[in-house]
There are 2 protein chains.
Amino acid sequence: MRISELSAASGVPIPTIKFYLREGLLAPGVKAGQTQAEYSEAHVRRLRLIRTLLEAGRMRVRDVRTVLRALDDDEVGFHDLLGTAHHALGGSATAPGTPEERDALAEVDRFVSRLGWNVSDEAPARHTLARALFTLREFGYPADVRVFEPYARVADRLAAREISTISGRGPRADAVEAAVVGTVVFEAALVALRRLAQEHHSARRFGGRRRR
Amino acid sequence: MRISELSAASGVPIPTIKFYLREGLLAPGVKAGQTQAEYSEAHVRRLRLIRTLLEAGRMRVRDVRTVLRALDDDEVGFHDLLGTAHHALGGSATAPGTPEERDALAEVDRFVSRLGWNVSDEAPARHTLARALFTLREFGYPADVRVFEPYARVADRLAAREISTISGRGPRADAVEAAVVGTVVFEAALVALRRLAQEHHSARRFGGRRRR
């Protein structure tokens, strides 16, 4: 298909497609004449993935590029790919500055070990969790890292389920794409559901119509 | 305290404090001479809240302003404030365009009713969830809205717990601040914990050291 058809099939405007081509997110089409190129269903699918990573995953363009490169590299195993996606999804991966921040990170690490979780020292989510703990303390809540225990139990159950559904079904590209999409899409869904549930329980407890 | 001391106490650089003052996020200090102003502990606390909403909540400046206004308005009840915070936290609140998007939203609404949740028609999280469902389908997964059931159950339990811990303890400003901080900080923590748990279960299942 031509670029105009690719745009129609994917819902992505032509200038945006050209931007993705320039940025190396999308492989060039097959040359069909001087100024035209032919695109395929693979391009439609890849555009969908790019949009999902940018929108649902709120990734930066350069992080999308990193994830797509890992996805396209047959040498990168599933576990590494997941790590790459997590990195790209970000979090405050900056090293802790103050002693209080270092303390929070050390507590998070002990907490994670007690849970029996085997995670990389470079996992940005460790820093995100330490930052959350540190923020609670900054606000004067007597926050022990164990406040996260109910969340950790829930996360453990969901993740066990999610990882167990990833199988060798179909070609590698599909499996890894499914894993990345699943990580991003179900994360957005979980956050949305928690907000809806909060609204429901808040309405029950504090009642009253909502003002805007 | 002077602005330099406020900066030291809060860790926020002076130009950033001045920006927040100009943007109306931070109340002016009490005049102390021609060019100086006196700030208080309340300013330190407010700066912390602004940073938390911007960083952990990834809110835009204008959304932070909306939340702070609601927080400072004694007429706004807790339930409304939570709604305001959820709105500011965002999500794709755009109206569904295609029939497929409308279908996804209608299914989400039925799903939410079946859960017995009472949520506003304007809740942006409804759209986020519909978008997640729609994205799964775009990728060709035979996604029924019930794929979200385990997530909804978990969200319901966590939210019930969270809302039940909000009490009338202390002054209103503290309670509402606690609610907003709790929403934002525990959301970040939950997302981080799910990623860590995924990494752990992925390591167990797919093994192998992580490459970078």
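User: What should I know about the model and its numbering?

Analyst: This is a predicted model, in which local features need pLDDT of at least 70 and side-chain atom pairs count only at pLDDT 80 or more, while totals for chains, interfaces and linings use all residues. Residues are numbered from 1 along each chain as its sequence is written, chains are lettered from A and ligands numbered from 1 in the order in which they are written, and side-chain values use heavy atoms, with hydrogens and water left out.

User: How many salt bridges are there over all chains?

Analyst: Side chains of opposite charge can pair when their charged atoms come close. The rule here asks for a side-chain nitrogen of Lys or Arg within 4 Å of a carboxyl oxygen of Asp or Glu. By this rule the model has 24 salt bridges over all chains.

User: Which residue forms a salt bridge with Glu162(A)?

Analyst: Arg194(B) does, with the closest N and O atoms 3.0 Å apart. Arg194(B) lies in helix α9 of chain B and Glu162(A) in helix α8 of chain A, so the pair joins two chains. Helices are DSSP runs (H or I, at least four residues), numbered from the N terminus. Both Arg194(B) and Glu162(A) are buried, where buried means under 20% relative accessible area, exposed over 50%, and partly exposed in between (1.4 Å probe, protein chains only). A network of salt bridges links Glu162(A), Glu187(A), Arg194(B) and Arg195(B).

User: Which elements hold Asp109(B) and Arg126(B)?

Analyst: These two form a salt bridge, the closest N and O atoms being 2.7 Å apart. Asp109(B) sits in helix α6 (residues 99–114) of chain B and Arg126(B) in helix α7 (residues 124–138) of chain B, 17 residues apart. Asp109(B) is partly exposed at 27% relative accessible area, whereas Arg126(B) is buried at 8%.

User: What does Phe206(B) touch?

Analyst: Contact means heavy atoms within 4.5 Å. Neighbours within four places in sequence aside, Phe206(B) is in contact with Phe78(A), His79(A), Ile163(A) and Ile166(A). Phe206(B) belongs to helix α9 (residues 172–206) of chain B and is partly exposed at 32% relative accessibility.

User: Which residues gather in the patch of positive charge?

Analyst: Patch residues have over 30% relative accessible area and no salt bridge, and like charges are joined within 9 Å. Arg153, Arg157 and Arg161 of chain A gather on the surface with Arg153(B), Arg157(B) and Arg161(B). The elements giving two or more residues to this positive patch are α8 (149–164) of chain A and α8 (149–165) of chain B.

Methods: Patches are made of residues with over 30% relative accessible area and no salt bridge: like charges are joined within 9 Å, nonpolar side chains (Val, Leu, Ile, Met, Phe, Trp, Tyr) within 5 Å. Accessible areas come from the Shrake-Rupley method with a 1.4 Å probe; for residues, only the protein chains shown count as cover. Lys and Arg count as positive and Asp and Glu as negative; His and the chain ends are not counted. The place of a charge is taken as NZ of Lys, CZ of Arg, CG of Asp or CD of Glu.
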